[in-house]
Amino acid sequence: MPDRWRLCWRPLSLWRWRRDGEQRHDQGLHVELENPHGQQAAGEISPLPERRRSGADPLHGGHLQALQRQLEPLDFTAGHQRLDHWLRHMACRHPCTAFALGSALWRLDQQRHRDSAGPLPAGGGNPAAGSAWPTVGLLPSGPLALTALERGLARGWRCWKWKIGALPWRQEQPLLAALLSRLASVDGTLRLDANGRLNAAELSPWLEAAADPRICWLEQPLAPTDPLLERLLGSPPIPDVQLALDESLTQLDQVEELLRAPPDNRPLLVIKPSQLGDPRRVASLLRAWPGRCVISTGFEGRLGQAVVHDLAKLAAAGGSPAPGLGATA
């Protein structure tokens, strides 16, 4: 039986969907943690390239080597304290690594509860065990969205997310009308995601479009650094329009701040746990502010998917809209 903490990692291959509906190959890290009692658990570091800050979660593992050296001489209790300290003070610098380590600690907690016949904490379940929500189809930008919609409708999907802002709004809104017309026949719904691509001139027509009852919300209409976004969030709510934030959320401290002091129009917060930090803290926020967050995928690997699905179930139990665990037709 080991008498010390062990931390090791290896490359992880990931496949992710692009805005045009094609797949791309990305890299991550599979992280394994073993405590002095011989209990093992794993997590994954799977940063999204477009969200990752330079050097935030280096895939060479240098920051993990430093933590490994700190853990090796420590006993069970001291090692746990060291990991918790790292997660409190380093998660803002290495959010995807915090997700991996927090996931592993979550599973180790499960093992201890299981061994002691106590109640299991939430988390670490099997993503294949079934979901209490419909699949969210991801539509590519531009005219290809219509073809993808038909493929997904044939599979029984009824909830969709469409990436807007790839074309001028005058070209995209006729496509929107066609999508909504097709969805009306199956009582479907659509989420609009601008990824911060809209400008001041495009904002007004998209806000008008988002008032359609078949549109769930308009996500990240403006770039996080655009002063107009702050003014929009601080203005009175727009009738029948639900706003949501995604790219504006870069760390869990920021998420908690928005939850504690929400803007007047109370946007939904679309959280990608694998990009933001310790999933145990995400679970605490979901319990404290039910119905405010939507759990979304970052197209993680198997280990990350299991944790994200558990958090999505927790969010749905608190009244959040169907989570953004999507698939591409």
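Which handedness does the crossing of H1 and H2 have? The crossing of H1 and H2 is right-handed, where right-handed means that the near helix is turned clockwise from the far one by less than a right angle, and left-handed that it is turned anticlockwise.

**Basis of the values**

The model is predicted, with local features requiring pLDDT of at least 70 and side-chain atom pairs counted only at pLDDT 80 or more, while totals for chains, interfaces and linings use all residues. Residues are numbered from 1 along each chain as its sequence is written, and side-chain values use heavy atoms, with hydrogens and water left out.

**Overall description**

The protein has 11 helices and 11 strands; these are DSSP runs numbered from the N terminus, with helices (H or I) of at least four residues and strands (E) of at least two. Of its 329 residues, 51% count as buried, a term for under 20% relative accessible area, with over 50% called exposed and values in between partly exposed (1.4 Å probe, protein chains only). The accessible surface comes to about 14,600 Å², and 52% of this belongs to carbon and sulfur atoms. Such areas come from the Shrake-Rupley method with a 1.4 Å probe, and for residues only the protein chains shown count as cover. Among contacts with a separation of 6 or more, 70% are between residues 24 or more positions apart; contact means heavy atoms within 4.5 Å.

**Helix pairs**

Axes are lines fitted to C-alpha atoms, for helices over the stretch in contact, and angles run from 0 to 180 degrees between N-to-C directions.

| Pair | Residues | Axes come within | Crossing angle |
|---|---|---|---|
| H1 and H2 | 62-71 and 76-90 | 10 Å | roughly 150° |
| H4 and H5 | 144-154 and 169-184 | 10 Å | roughly 15° |
| H5 and H6 | H6: 200-209 | 11 Å | roughly 10° |

The axes of H1 and H2 cross at roughly 150°, which makes H1 roughly antiparallel to H2. Angles over 145 degrees count as roughly antiparallel, under 35 as roughly parallel, 65 to 115 as roughly perpendicular and the rest as oblique. On the H1 side the contact is made by Leu 67, Gln 70 and Leu 71, and on the H2 side by Gly 79, Arg 82, Leu 83 and Trp 86. By class, these residues divide into four nonpolar, two polar and one charged. In this scheme Ala, Val, Leu, Ile, Met, Phe, Trp, Tyr, Cys and Pro are nonpolar, Asp, Glu, Lys and Arg are charged, and the others, Gly among them, are polar.

For H4 and H5, the crossing angle is roughly 15°, so H4 is roughly parallel to H5. H4 passes H5 in a right-handed crossing. From H4, the residues Ala 145, Leu 146, Leu 149, Glu 150 and Leu 153 meet Leu 175, Ala 178, Leu 179, Arg 182 and Leu 183 in H5. This contact has eight nonpolar, no polar and two charged residues.

H5 also pairs with H6, and their axes cross at roughly 10°; H5 is therefore roughly parallel to H6. Here Trp 169, Glu 172, Gln 173 and Leu 176 of H5 meet Glu 202, Pro 205, Trp 206 and Ala 209 of H6. The contact of H5 with H6 has five nonpolar, one polar and two charged residues.

**Individual residues**

Val 307 is found in helix H11 and is buried, with a relative accessible area of 1%. Apart from neighbours within four places in sequence, Val 307 is in contact with Phe 99, Ser 103, Trp 106, Arg 107 and Pro 279. Val 307 and Ala 100 lie 207 residues apart in sequence, with 9.8 Å between their C-alpha atoms.

Val 136 lies in strand E4 (residues 136-139) and counts as buried at 1% relative accessibility. Its C-alpha atom is 9.5 Å from that of Gly 152, 16 residues away along the chain.

Trp 289 sits in the loop between helix H10 (279-288) and strand E10 (293-295). Leaving aside neighbours within four places in sequence, Trp 289 is in contact with Glu 256, Leu 259 and Arg 260.

**Positive phi values**

Most residues other than glycine have a negative phi. Gln 220 has a positive phi, near 40°; Gln 220 lies in the loop between strand E7 (215-219) and helix H7 (227-234) and is buried, with a relative accessible area of 0%. Phe 299 has a positive phi near 55°. Phe 299 is in the loop between E10 and helix H11 (302-317) and is buried at 18% relative accessible area.
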